[in-house]
Each structure stands twice: as structure tokens, then as C-alpha cells.
Amino acid sequence: MLEQQLVNGVVLGATYALFAIGFTLMFGVMGVINLTYGVYFALGAFAALWSTQWAGLPIWAALPVGALIAGLVAVLLDTLLLTRLRKAKAPELASLMVTLGATLFLYAGMAAALGTEIRRFPAEVFSGGAYSLGDVRVGTTQILILAAAIVLMLALLALVRGSRIGLAIRAVAENPDAAALMGINGALMLRVVSFLSGAIGGAAGVLVGLNFNAIQPFMGEHMMLRGFAVIIVGGLGDLRGALLAGLLLGLAEVLTAAYLSSTLKDMIAFALLVATLWFRPLGLFGRAAAKRA
Amino acid sequence: MWEALDDFYWTYQSLIHGIGVNGILALSVYVVLAVGQLSLGQAAFMGVGAYTGALLSVKFGTPFAVSMAASAVVPALLALVVGGPTLRLTGVYLAIATIGLGEITRIVFLNWDYAGGALGLSSIPERGGVPAIYGTLAVLLIGLTLVARSRIGRAMEAMREDEAAAGVMGVNLPRYRLVALVVSSAMAGVAGCLSAHVSSFIGPNEYGFEAAVTILSYALLGGIGSPLAPVLGSTILTLLPEVLRPLADFRLMVNGLIIVLAVLFMPRGILPWRIARTG
């Protein structure tokens, strides 16, 4: 059954990697650990759920809707919360605490407005069925999740690494003042990055909602611990690191649950996190010049 | 007269206990914030202290003083393990590591059958009460005020304002950071032990992320200019839901909003004045 567990682990790891890639993009460019990220995750899932329930959209159309809405909310929240602190060049701690307060507010608000019961995608959204490769069964949902995660990640990497906008984003990340002198609209780039990472977070929420078939307001909170582990293990702000660490965590969790115990599974993320902080604080791909504070 | 006072006490018993315990928690997060660090593990350290003290009292029948001492030592040791990396790294890393720690302690308590698992621990003997809670709070307030007025307080404030400059001036940054984290976790542990012994019940879900954020909001509302400020913040935030009954359901939203508004518009809290120094 090892092959089967490996497949499950890769699918889970792909969603972790996708989640963490948006999170780490946000950190890498803005230099702020934005804790509201977990909220976009749940928002994307709910938006996709509603668009399947009320508009009757198929899941491949509901996924972009969820991503779009989460991205727009991300831009709104970033503008509301962080513009003022950015102007004042406030320390990183202040930004972290603002997003923390906002997260608490938003979670409590969502729980009050949406209820805390677990919701599911309507059954007809899944086109059911599974393929067999030898002993290994691969569900169509799993294929959809893996494909969506790979496409989204490649698109993001291509955008950041290979386009003019990506170049501008990297310039802003490197040195906002110098980028402004080169005629780059820094405020616009930050909005683009907010939108992109919010959308990625929202898309991850839809996919995880599909994977576990469970959606509720706090689903992002549970995910954030994994997000932290993945971006620390991969190196803060590093997209390749997030990708690799996400897969690593997914595989580690599935294998632990299968061969050791499901209680230990929930602790893997933290164990990886602390071990990384102890032995290789900059993460797998961390550069010596990585900003710390 | 005494009867009326007695009635008042019985009616508001848990609130009176809560104000004192939350005051200690506010001081515990103040100690970390005062050196410019952010710990979101106060609730976890409180939980570890509460479980340590309660388990000793319930399973071994140890005297209250022993339970109290253990509830300070065990979280402090945990802080040493988690805080080790922060000798080299700071800020965001500590915040993330302590958030993770909170989640892990919750999972441990949830699955640890000896400690009651999901059902929690009940029938903890009632010890301590008002004298122990407010005695501890007073000792900590006086102690921390003396520290803040000394050379150590000056070094702590320097670290908070400009870490690089403080380091250049010869402040031993890693040592201050680690000591602050260890002391603060011991204080949170004691608060947990005290609250466990007045409420006589503890459960795994009382010490999660929301509790950690609530504790942080005490210090953010009050400010960290002096030890009195966070205690004032915790008193206001503990009383607020009682005074505004209809608001009680939105307590977490209010706490979140207070943090946002405090950081954006009142970065020094409602008691912004700094302490006068002697050393």
C-alpha cells in the first residue's frame, strides 16, 4: 500500500505547497507575515461553494470565482490595514499584530455570519469515479486537485520569474525605494501581489475543501500552522522552497498517519518547524542575506 | 456592611478571580513585548502550568505551594527548548514558533488520556483564591516596576526602540530575549495554576490561539510603557463583556478590533507614560 500512500501524500502536499506559495509570496515582497492569509483560504472555499450551489457552476468554473473573490478581499484588507503602517515605516511587529487583530475579528465575524457547521460541495460537483494503475487507485478529484495545483503554481512562477510585472515585483521586493526611482509603481505592485497571493490562498481553500469535502470558517486556522511550517522549512519568501517543503510535509503527514498514528500526524508540522529553526534557521533555500527581524 | 460585601463577592467571584489572573497574564506578555519580541504562546504556557499544577494536586495530592512552583518551572523549561532558536533569530520566527507551540500543546492535552483527554480535568481542589491571586499580582507588579526602573529596564527599553543600537551599546540581546521568554512563560504558568485551582476545572480547548490573542490584546490596549499599563488593559477587557452584556457574544470580534485600532491609532496604549528611572 506504500504506492497508494505516496499518491495521497503528493496530492495533499500539492495543496499545502499551493497554500504556502501565496503566503510566502506575500512575505517575500511585503516583508510582513500577513496572518489574514488564513481567512482568504476559507473565503475562497465559501465563494466556490456558493457559486456551485446558487449559480450551478461546475467546479472548474467555481475555482476561479473563489480565487477572484479571495484576491479582491486580500487587496481590500491590505489597503485598510497596512498602508498606514507602511507609510510610517512601522516595525514588522506592528504589522504582524494588526493582521493578528484583523484575523481574530474576521474569524469571529465569519463564525457569527456563516455558522460553524461543516458544509460540503453538492454531490454532483464531483464527477466521482477512480482510475486504477496496478494496485493504486487515483480518484478524479485527486487528479483535478493535483492538476489545478500544478497549473496554478507554474503560472505563478512563470509570472514572477518571466514577465515584466514579475520583474517589477521582484524589484519592489529587493528595494522599494530604488524601484520607485526606476519608475516602478510600488503601490500598484503591492496591490498586484496582494491580489495574487489572496487568489492563490483562495484557490488552495477550494482545493482543500474538495479534498476533505469539508468547508467551515476556521478551516484556514488549521492550515496556517502548516503554512508556517512550510514557509519556514522552505525559507521565508522562497517560492521553490515552499513548493518542495509543501510536498515534503504532505508526504510526511500521510505516511505518519498510515504507519504510526494520526495524533503524531498533527504534530509533524510543528516538529519540522522547530527542527528547522534549530538546525537550519534560513530554511532549505534560505539565503544568508534573507531579511530577519 | 460585611454581609453586603460577602454577597457581592459570591455574585462576582469568577469575575474577581478573572481580573487578577488576567492581570498576571497581561504582565507575562508585557515581559516579552518589553524587549521587542512577540510571543503568541502565553496561552500555551498558561495551559502547561494549569495542567502541571492541577495534575499534581489531583493525582498526587501535593501541597498548593508545590503545585505552584512546578507550574512555574515546567513552562519555563518548555520556553527554553522553544526559545533556543530565538537566540539567533527574532521577531517573526518567535511569533510563528509560539503559534505552533500553542497548537501542539492543545493536541497533546486533547489526546493525553491520563490528563482527562477531551473531557479535561475536573474536581481540582479549590486552593489559593483571592489572597494568592492578588498577592502574586502585587508581587509581580512591584518586582517588574523595580526592574523597569533599573539598568535592566533601560536596556529592555533600548532593545525595544532600536535593537541594533542597543546591541552596539553592549546590551546582550540573546540573553535578554531568552530570559524574558523564560520569565514570561513561568508567569503565565503560575496564572494557569491559580485559575485552575479557583475554577476547579480545566479543558484542552481553553488555551488555544484565541486565548493567546486575547492575552496579547491586554498589553496592546494598556500599552507597555510601565507594568501598570497592561494590567489596566486586562482589567478593562475583562470587565467590558460584563458591563456591556449584549456585547458578550462578540467578545472576540471586539478584542480583534481593539488590537487593530490600538496598533494603527494608539501605538503606545492608553497609559503611554514611561516609567521614571533611577539606574
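Which residues do ring pairs link into a cluster? They are A:F19, A:F23, A:Y37, A:Y40, A:F41 and A:F228. Before I go on, please keep in mind that this is a predicted model.

Staying with the rings: over all chains, the structure holds 11 aromatic pairs. One of them is A:F23 with A:F228, a tilted pair with 5.7 Å from centre to centre and 50° between the planes. This pair links distant parts of the chain, since A:F23 sits in helix α1 of chain A, residues 2-30, while A:F228 sits in helix α9 of chain A, residues 219-234. The two are 205 residues apart. A:F23 counts as buried because its relative accessibility is 1%, and A:F228 counts as buried at 2%.

A:F46 and A:W50 also form a tilted pair, at 5.7 Å centre to centre and with 45° between the planes. Here both residues belong to helix α2 of chain A, residues 37-53, and they are 4 residues apart, about one turn of the helix.

B:K59 lies over the face of B:Y114, and the distance to the ring centre is 4.5 Å.

Next, the interface. How many residues of chain B are in contact with chain A? The count is 40 residues of chain B, against 36 residues of chain A. The area buried between the two chains is about 3,700 Å², and carbon and sulfur atoms give 83% of that. Between chain B and chain A there are 0 salt bridges. For polar contacts across this interface, the rule finds 1 residue pair, with both residues at pLDDT 80 or more. On the side of chain B that touches chain A, at least two residues each come from α4 (92-111), α9 (209-222) and α11 (251-265) of chain B. The largest share of that side, 13 residues, is supplied by α4(B).

Helix α4 of chain B also contains B:T98. At 0% relative accessibility, B:T98 counts as buried. Leaving out residues up to four places away in sequence, B:T98 touches B:L38, B:S39, B:L40 and B:G41. For B:L40 there is a distance to give: its backbone nitrogen lies 2.9 Å from a polar atom of the B:T98 side chain.

The side chains of B:Q42 and B:S39 are joined by a polar contact of 2.7 Å. A polar contact of 3.2 Å joins the side chain of B:Q42 to that of B:S184. Where is B:Q42 found? It is in helix α2 of chain B, residues 42-60. B:Q42 has 1% relative accessibility and therefore counts as buried. Not counting residues up to four places away in sequence, B:Q42 touches B:S28, B:V29, B:V32, B:S184, B:S185, B:A188 and B:I215.

Terms used:
Residues are numbered from 1 along each chain as its sequence is written. Chains are lettered from A and ligands numbered from 1 in the order in which they are written. This is a predicted model: local features need pLDDT of at least 70, side-chain atom pairs count only at pLDDT 80 or more; totals for chains, interfaces and linings use all residues. Side-chain values use heavy atoms; hydrogens and water are left out. Buried means under 20% relative accessible area, exposed over 50%, partly exposed in between (1.4 Å probe, protein chains only). Contact means heavy atoms within 4.5 Å. A polar contact is a pair of N or O atoms within 3.5 Å; within protein, one must be able to donate a hydrogen and the other to accept it, and residues adjacent in sequence count only if both atoms are side-chain atoms. Rings of Phe, Tyr and Trp (its six-membered ring) pair if their centres lie within 6.5 Å; planes under 30 degrees apart count as stacked, over 60 as edge-to-face and the rest as tilted. A charge sits over a ring if NZ of Lys or CZ of Arg is within 6 Å of the ring centre and within 35 degrees of the ring normal. Buried area is the accessible area (1.4 Å probe) that two parts lose on being put together, summed over both. A salt bridge is a side-chain nitrogen of Lys or Arg within 4 Å of a carboxyl oxygen of Asp or Glu.
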